[in-house]
Amino acid sequence: MSEIATPSRRQLLTLIGRMGGAAAMYQAMTALGHAAETQFDGPPVLSGAKPGASVVVLGAGLAGMVAAYELEKAGYAVKILEFQDRPGGRNYSLRGGDTFTESDGTVQKVQFAPGNYINPGPWRIPHHHKCVLHYCRQFGVALEPFIQLNHNGFIHASDAFGGKPVRYKEAAVDFKGHTSELLAKALNSGSLDQSVTGEDKERLLEALRGWGVLDDKMAYTSSVRVSSQRGYDRAPGGGVDGAPTPSQIASLSDVLAPQVWTAMSFYFNYVMQTTMFQPVGGMDMIGKAFASRVGKSITYNAKVTKVAQNGKGVTVSYKDVPSGKTSSVSADWCVCTIPLSIISQVEMQVSPKMAAALKAVPYSGHIKMGMEFKRRFWEEDDNIYGGHSFTDQAIGQLSYPNDRMFSQGPAVLLGAFTSGAGAFELAGMTPQERIEAALTQGEIFHPQYRKEFLNGVSVPWTRVPWILGCVSHWSEEGRAEHYQDLVAIDGRIAMAGEHASYYGGWMEGSMLSGLDAISRIHKRSLEA
Amino acid sequence: MRVRFVLTVLALAAAPASADTPGSVQARNNTADGAKVYKQICAACHMPNAMGSGGGVIPALAKNKKLANPAYPIGVLTKGKGAMPAMSEILKPAQIAAVLTFVRTSFGNNYPKPVTEADVKAAK
């Protein structure tokens with residue numbers, strides 16, 4: 001019996017890459033259904049670090065820890081300085097017994113029941129964020145579905161539907177129906193004859209009839225057929241009394257509320273499409289998995305005060321926060337993952353171009369609130385299992401827990417997730433005021449809210465002391481002017497983190513930038 | 001009608017998303033009361049007492065001599081500065097004028113000449 005050696009896909013691609021260059025490899029990858037979804041094709045294979053070569057990593061978030069993990073595998077001596085007393089950075093979860101201290105010293109004590117948590121930072125992982133998923137798979141971090149699109153979630157706009165929340169399926173089906181009817185009218189009046197051939201006109205009318213669930217007069221009207229998409233007044237049953245009764249469609253004017261199409265459009269975003277995932281038990285399972293591998297290299301409570309460099313290496317000065325004692329660490333290279341909102345105010349010996357880039361990126365100020373209730377009334381009373389409800393109030397949205405559905409006892413939902421004006425408004429309040437606002441606004445969706453409420457915690461990122469913002473928010477102009485200066489290795493220093501990526505605010509961006517930075521450092525190190 | 005128009009503008013600014021953003025559109029805050037704008041927008045970072053935070057990373061607005069010439073804070077609010085985003089997406093010129101007039105006469109600042117909507121518009 002002989003075995004025929006067939007090249008693996010990766011070997012084949014490497015071969016094609018060597019023979020035909022990157023463009024040929026990309027074409028081949030696309031043909032193999034392998035490209036386009038992600039720039040991640042496995043972790044960098046770094047090997048043969050020079051004996052004694054060293055790297056200091058600033059920040060033990062995901063960018064820093066993935067960099068440290070791969071560098072140590074390649075043989076580098078790595079030290080990580082971390083300001084907080086825990087690993088993970090924005091990858092973290094709050095549970096009962098945890099405290100959260102705001103930048104003005106306000107302390108919130110989380111009172112959730114055992115097993116309950118919120119993820120104040122990242123909370124959902126797209127299926128194409130293959131770098132994050134790769135390490136989860138490799139480290140055995142258990143993942144479960146994150147329910148993204150829930151047709152039974154609510155949409156609320158103060159100036160539509162009489163100010164009452166409606167189910168997503170009702171609003172979306174009505175939007176689709178009304179716009180289909182209008183387009184059909186335009187087609188039938190001949191006003192689009194210049195834009196569409198006679199044959200396509202017929203095909204489009206047929207599509208609108210089916211897609212929009214239009215009646216035989218090409219009108220969108222209340223019917224049992226329409227109810228089979230938007231839901232019934234009386235749902236189908238069994239036996240003698242099983243016939244359903246239709247629901248009444250909403251008006252065109254109501255479904256033109258921007259909240260409706262924004263929600264529909266939201267789910268079309270590349271990063272928001274199903275399937276999405278979350279780690280079982282809290283997002284910090286990912287950070288903890290990294291920390292169990294690189295934790296021995298981390299110095300906690302280390303506040304970086306100065307980063308100096310010369311032609312040979314980098315010296316980072318830092319203060320041990322509890323004792324105030326200052327120390328320094330030197331290495332051949334530095335990967336700096338400290339958020340720009342902070343590092344831009346630290347003394348950095350970098351070129352004027354990088355210094356300008358560090359000050360060029362605004363940060364958005366999201367807020368999240370975790371609210372614990374006595375029972376899962378959204379499941380038991382309202383048939384909502386995971387997913388979101390959207391509102392134009394300051395809280396922005398409610399998101400329902402994706403785990404342990406149907407379980408008894410207290411459960412935590414996300415009682416606010418918002419940025420912009422709403423986030424600023426909530427952040428400017430005391431924790432007690434935020435809870436009161438979230439109860440008043442959430443009650444519009446769920447009248448059970450106050451009766452079932454137990455406790456809550458709010459995390460306004462603008463008041464998180466170690467970042468004072470949530471995520472980088474590059475403008476197109478800012479990126480054109482500064483991005484390359486930010487990511488270029490400056491002497492012995494490379495920046496990494498979500499801000500040094502085109503996936504701002506995503507763990508994928510942090511990790512891809514960390515891997516890219518160390519790949520370039522490794523190359524330079526071997527050349528030096 | 002006016003409210004609906006404003007909401008539409010905000011929605012266009014909100015989508016499509018590349019970051020992990022909320023999926024909702026917010027009603028615009030229309031107050032032109034400077035103290036209210038401060039409380040509802042500025043206090044999130046600069047704090048209710050205008051003392052800033054992060055040991056100076058977010059600067060104090062209290063007793064801040066940089067407020068003497070209104071051109072400086074108008075520029076910061078309309079264009080952003082460092083990690084601070086431009087506020088022109090969520091505040092109208094009249095609101096920016098009102099909040100600057102408030103801050104320049106509060107928190108130990110004493111620059112009584114009001115900042116006008118025209119001043120803010122002229123800076124763009």
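Let's begin with Ala360(A), which sits in the loop between helix H11 (352-358) and strand E20 of chain A. Helices here are DSSP runs of H or I with at least four residues, strands are runs of E with at least two, and both are numbered from the N terminus. Ala360(A) counts as buried because it has 23 C-beta neighbours inside 10 Å; the cut-off for buried is 20 or more other C-beta atoms within 10 Å, with C-beta atoms placed from the backbone.

Beyond its neighbours within four places in sequence, Ala360(A) is in contact with Gly478(A), Glu481(A) and His482(A). Contact means that the C-beta atoms of two residues, placed from the backbone, lie within 7 Å. Ala421(A) is 61 residues away from Ala360(A) along the chain, and their C-alpha atoms are 22 Å apart.

## How to read the model

This is a predicted model, in which local features need pLDDT of at least 70 and side-chain atom pairs count only at pLDDT 80 or more, while totals for chains, interfaces and linings use all residues. Residues are numbered from 1 along each chain as its sequence is written, and chains are lettered from A and ligands numbered from 1 in the order in which they are written.

## Chain A as a whole

Chain A has 17 helices and 27 strands, and its C-alpha atoms fill a box of roughly 80 × 60 × 55 Å along the principal axes. Of its 528 residues, 49% are buried.

## Where chain A meets chain B

The contact takes 52 residues from chain A and 38 residues from chain B. Among the elements of chain A that each supply at least two residues to its side are helix H8 (258-266) and strand E24 (411-418).

Notes. A residue is buried if 20 or more other C-beta atoms lie within 10 Å of its own, exposed if 12 or fewer, and partly exposed in between; C-beta atoms are placed from the backbone.
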